[in-house]
Amino acid sequence: MNEQKKSTRSSFAEALVEMGYKNKNIVTVAADSASRYGDFVKKFPERSFNVGIAEQTMIGVAAGLALSGKIPVVTSYANFLTFRAIEQVRVDIATSGLNVKLIGTDTGFSSAWLGFTHLALEDMAAVRAVPNIAIIDPADAAEAYKATEAIFKYEGPVYMRLRGRKEEPLLPVAEKSFEIGKGQILAEGGDVLIVACGGAVYDSLKAAEILQSKGMHATVVNMATIRPLDEELLMKLTSSIKHIVTVEHHNITGGLGSAVAEFLAENNPDVRLMRLGVKNRFGTAGSEDMLKKEFGLDSESLGSRVERFLKDY
Amino acid sequence: MVLPVYKASENIDTIREAADRIRKDCIRMSTRAGTGHLGPALSLAEILAVLYKGVMRYDAQNPKWPERDRFILSKGHGCLALYSMLSQAGFFERSLLDEFCSVYDTMLPGHPEIKLPGVEANTGSLGHGIALGMGMALAARIDGRDSRVFVVTGDGELQEGSNWEAAMAAAHHRLDNLIVIVDRNKLQLGDFTENISQLEPLADKWRSFGWGVRVVDGHNIEELLSTFKQVPFVCGKPSAVIASTIKGKGLAIAENKVEWHYKVLTPQQYEELKNEMSLEELCHE
Ligand SMILES: Cc1ncc(C[n+]2csc(CCOP(=O)(O)OP(=O)(O)O)c2C)c(N)n1
Ligand SMILES: [Mg+2]
């Protein structure tokens, strides 16, 4: 396996600086920590603002900038960007479809020991409840870079999930282009369809390898865009594969699993679905590895859970 | 008047020892875990030591004693200091400190949770503590208790508007059993507060919101003690104590340094400082 490592956060920052050169309308608004913007603040100080520890104001200011033709980028720990400021996100940004890029960091298990105030496991649910906002959860740093380029070509509000500062292995797949709203097939097999997003993609691929060694063949889709969901791809794949598993570092309510379940229930109920993720509980303090194990989302647990699912149903 | 169960000590030396112990524990716990908000904990040492050793009424054997004074660490990321103080006050075994951010589902995570005896509210998202404290102060009034509620906020934290909503409401309700202590260490996560979003004139802000205000040296035990004895500063008004502090206080390389917001010593640095600062063994087997 290709063990090159990089964090989604640093990729985002690099791509942001590139986009900053290309588009003078891009501005950043920070709530205290501006380090998430990398060199952008140094390179474009006249287009960088800090409102202090005030996420709601950060969103409101971004909306005002967008109403005046700017393309604002805002970042914070995902929970403070979504839950803390969801009213501003909804009223100020979403109702008028403003061109604001919302970047929630430290999602999934990446804030680890910081505990449940910081562990962002319901953020997509909050944003998904609000119409109009595209939702992206990149699988690795390479995809985070391409997704960052893509969100600036897209006109309208976007919520993108990033993880922490920790370097993560890149996916062992050949370069592919990223397109908002398109899932990507990373492995092909006829027994089960694993649909994953964000930090769950890497372990899903590893789980597929484990399954493979036991004679079970999985198709693995990286569903980096949760909204708009790639319904066409889901329809196509579920016409032949009847066992579907979703995997996410998020509550199974309101995120990828919900999106897939809702779509299939109405459009192709002739399948078995298992949603893997966090089930109706908060995160708690632990290392990322401990948390993944606890929630049964490390590659080994995933492999055995999928295996059981195939045997039982 | 209910007799205080915890016998407040006015012995300055006892309080100073507690503050020193807090510092050493914070340094040790964070080094062991390889994580933690060390700078933000170190500025709190005297404030916590004075409150728990010389001011507040509580019963560590009966943490839910209804008549107790309440404490809320609104700047929850300063929890290292709180954990040390609570163990010193007898709420739990000292050995539990070793679990800080190193055991799955520990009672001592990176922000305080009520599952730990002595912790009154879950915090870690900034800007919640004053409203929580106001609720507790109202409950004390309803029940006719003379419990007081002490809330410690960061200074950068005061940029959150929610604090000022609660400040306005608490003054309106004449909650003179509510005391906010601002850990005015002049730094926040990314820079000095005055470089990010100016807080000054901070005392005037609180005064204009209807609070009684004192500005004190947050590392001066005598001054803190005599200040807390005078609450409420104005009858019928909540009290704000702006405690001038130094972020990272007591650890020379960390003092007043923005990067020590969320940084810890390496085990090697710890060993190098051990004698000079008379720190404990990093791991006792
Ligand atoms: C609502 C919210 N936004 C952002 C953060 C991230 N954060 C943690 S500590 C901190 C800086 C706090 O500065 P200050 O209040 O001055 O506390 P100090 O560390 O200086 O004691 C920030 C922005 C948070 N915990 N909660
Ligand atoms: Mg501060």
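Biologist: What makes the 31 residues from chain B and 23 residues from chain A count as being in contact?

Modeller: Contact here means heavy atoms within 4.5 Å, and 31 residues of chain B and 23 of chain A take part. Before we go on: this is a predicted model, where local features need pLDDT of at least 70 and side-chain atom pairs count only at pLDDT 80 or more, while totals for chains, interfaces and linings use all residues. Residues are numbered from 1 along each chain, chains are lettered from A and ligands numbered from 1 in written order, and side-chain values use heavy atoms, without hydrogens and water.

Biologist: Thanks! How do you know what area is buried between chain B and chain A?

Modeller: Buried area is the accessible area (1.4 Å probe) that two parts lose on being put together, summed over both. For chain B and chain A that comes to about 2,000 Å², with 55% from carbon and sulfur atoms.

Biologist: Why is the pair A:R84 and B:E160 called a salt bridge?

Modeller: The rule asks for a side-chain nitrogen of Lys or Arg within 4 Å of a carboxyl oxygen of Asp or Glu. A:R84 and B:E160 have an N to O distance of 3.3 Å, so the pair meets the rule. Across the interface of chain B and chain A, 1 salt bridge is found.

Biologist: And what makes chain A a chain with domains?

Modeller: The bounds come from an automatic or database domain assignment, which gives domain 1 (5–169) and domain 2 (181–312) in chain A. Their centres, taken over C-alpha atoms, are 25 Å apart. The contact between them takes 31 residues from domain 1 and 37 residues from domain 2.

Biologist: How much area is buried between these domains of chain A, and which residues of domain 1 lose the most?

Modeller: About 2,600 Å² is buried between domain 1 and domain 2 of chain A, 59% of it from carbon and sulfur atoms. In domain 1, A:F109, A:L121 and A:R128 lose the most area to domain 2, together 30% of what that side buries.

Biologist: Why is A:E262 said to form a salt bridge with A:R128?

Modeller: The closest N and O atoms of A:E262 and A:R128 are 2.6 Å apart, so this pair passes the salt-bridge rule too. Between domain 1 and domain 2 of chain A the count is 2 salt bridges.
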